[in-house]
Amino acid sequence: MKLYSGPLSLYSKKIEIALAEKKLAFDRILAPFTQTEGYAPKLPEVLAANPKGQVPVLADGEVTLYDSTVILEYLEDAYPEPPLFPKDAATRARCRQLELYADEVMLVPLKALMHRSEPWEDSVRREKLERLARDAETVLANQFASLDKDLGGNPYFCGEFSAADIALFISVHYAQRLGGPALGPTARLSDWYRSLRGRPAFKSVIDEIRNADRALSRPVAGAFKGA
Ligand SMILES: N[C@@H](CCC(=O)N[C@@H](CS)C(=O)NCC(=O)O)C(=O)O
């Protein structure tokens, strides 16, 4: 199996965690990425497989797929053990919905924090971006509060550990690395975050993100404050 990934691609990190949770061996090919140029140049294999030219792309024998959600569902169908999706229809749908929430809803405020790990803009532009980032932090803090309530006293979002936990973890983790809101006010979400950080599949991906940041990113003031 081959995974075309990116050093700081949050969608690719979802798949790396899922593959590790399912104990599936894979060769990882990292697409070139810099904070100034983004994903450039694009890998020919990625361009050939994905009309959007984005990572992640998974190649498994005859099967080549793009989009992290589609890839996760393929992995579940092709390699069902251990499961990453609940069996009953309603809980499975809730798990998919939470994955979408992480990928598409939380991404909006997260994007507004991303300039913090990029090289300095001129100070006027930076101040403008920071104003937007502060608004985004409020949105993220509200999202954390809603997730905290949703989680209640449970260890995972959908009964057993699932794809929803993976996707939500990545978004919460990226918020922390980009100096987003602390998890202190949302104690249940904070406990969940800490407990997932201890799982081996998550640990190695977190270490790699940290190393990629050291090599590629501007240090972010307030990163992981109270995480
Ligand atoms: N919905 C897609 C999003 C993939 C995506 O946005 N990938 C980013 C890296 S995290 C990328 O390759 N960006 C380069 C580009 O858009 O040109 C998924 O879930 O895989």
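## How α4 and α7 pack

Helices α4 and α7 are roughly parallel to each other, a label for angles under 35 degrees, while over 145 is roughly antiparallel, 65 to 115 roughly perpendicular and the rest oblique. Their axes come within 8 Å and cross at roughly 15°. Axes here are lines fitted to C-alpha atoms, for helices over the stretch in contact, and angles between N-to-C directions run from 0 to 180 degrees. The helices (H or I, at least four residues) and strands (E, at least two) are DSSP runs numbered from the N terminus. By that scheme α4 covers residues 89-105 and α7 covers residues 163-177.

This is a predicted model, so local features need pLDDT of at least 70 and side-chain atom pairs count only at pLDDT 80 or more, while totals for chains, interfaces and linings use all residues. Residues are numbered from 1 along each chain as its sequence is written, and side-chain values use heavy atoms, with hydrogens and water left out.

The α4/α7 crossing is left-handed, meaning that the near helix is turned anticlockwise from the far one by less than a right angle (clockwise would be right-handed). On the α4 side, C95, L98, E99, Y101, A102 and D103 make the contact, meeting A163, A164, A167, L168 and S171 of α7; contact means heavy atoms within 4.5 Å. Sorted by class, that's eight nonpolar, one polar and two charged residues. Nonpolar covers Ala, Val, Leu, Ile, Met, Phe, Trp, Tyr, Cys and Pro, charged covers Asp, Glu, Lys and Arg, and the others, Gly among them, are polar.

## α4 and its cover

With 17 residues, α4 reaches 23 Å from its first C-alpha to its last, close to the expected 24 Å, which is 1.5 Å times one less than the number of residues. Its buried residues are R92, C95, L98, E99, Y101, A102 and D103. Buried is under 20% relative accessible area, exposed is over 50%, and partly exposed is in between (1.4 Å probe, protein chains only). The cover over these residues includes α1 (10-21), α3 (68-78), α5 (107-111), α6 (123-151) and α7.

## α6 against α7

α7 also packs with α6: the two axes come within 12 Å and cross at roughly 145°, again left-handed. L140, F144 and L147 from α6 meet L168, V172, A175 and Q176 from α7. The tally for this contact is six nonpolar, one polar and no charged residues.

## Two buried serines

S9 sits in the loop between β1 (2-5) and α1, and its 6% relative accessibility is why it counts as buried. Leaving aside residues up to four places away in sequence, S9 touches Y39, V55 and Y174.

S190 is part of α8 (residues 187-197) and is buried too, at 8% relative accessibility. Its C-alpha lies 9.3 Å from that of G226, 36 residues apart along the chain.

P56 is in the loop between α2 (44-49) and β3 (57-60). Another cis bond joins E81 and P82, with omega about -15°, and P82 belongs to the loop between α3 and α4.

D67 has phi near 85°, lies in the loop between β4 (63-66) and α3, and is partly exposed at 35% relative accessibility. F224 has phi of about 55°, falls in the segment after α9 (200-216), and is partly exposed at 37%.
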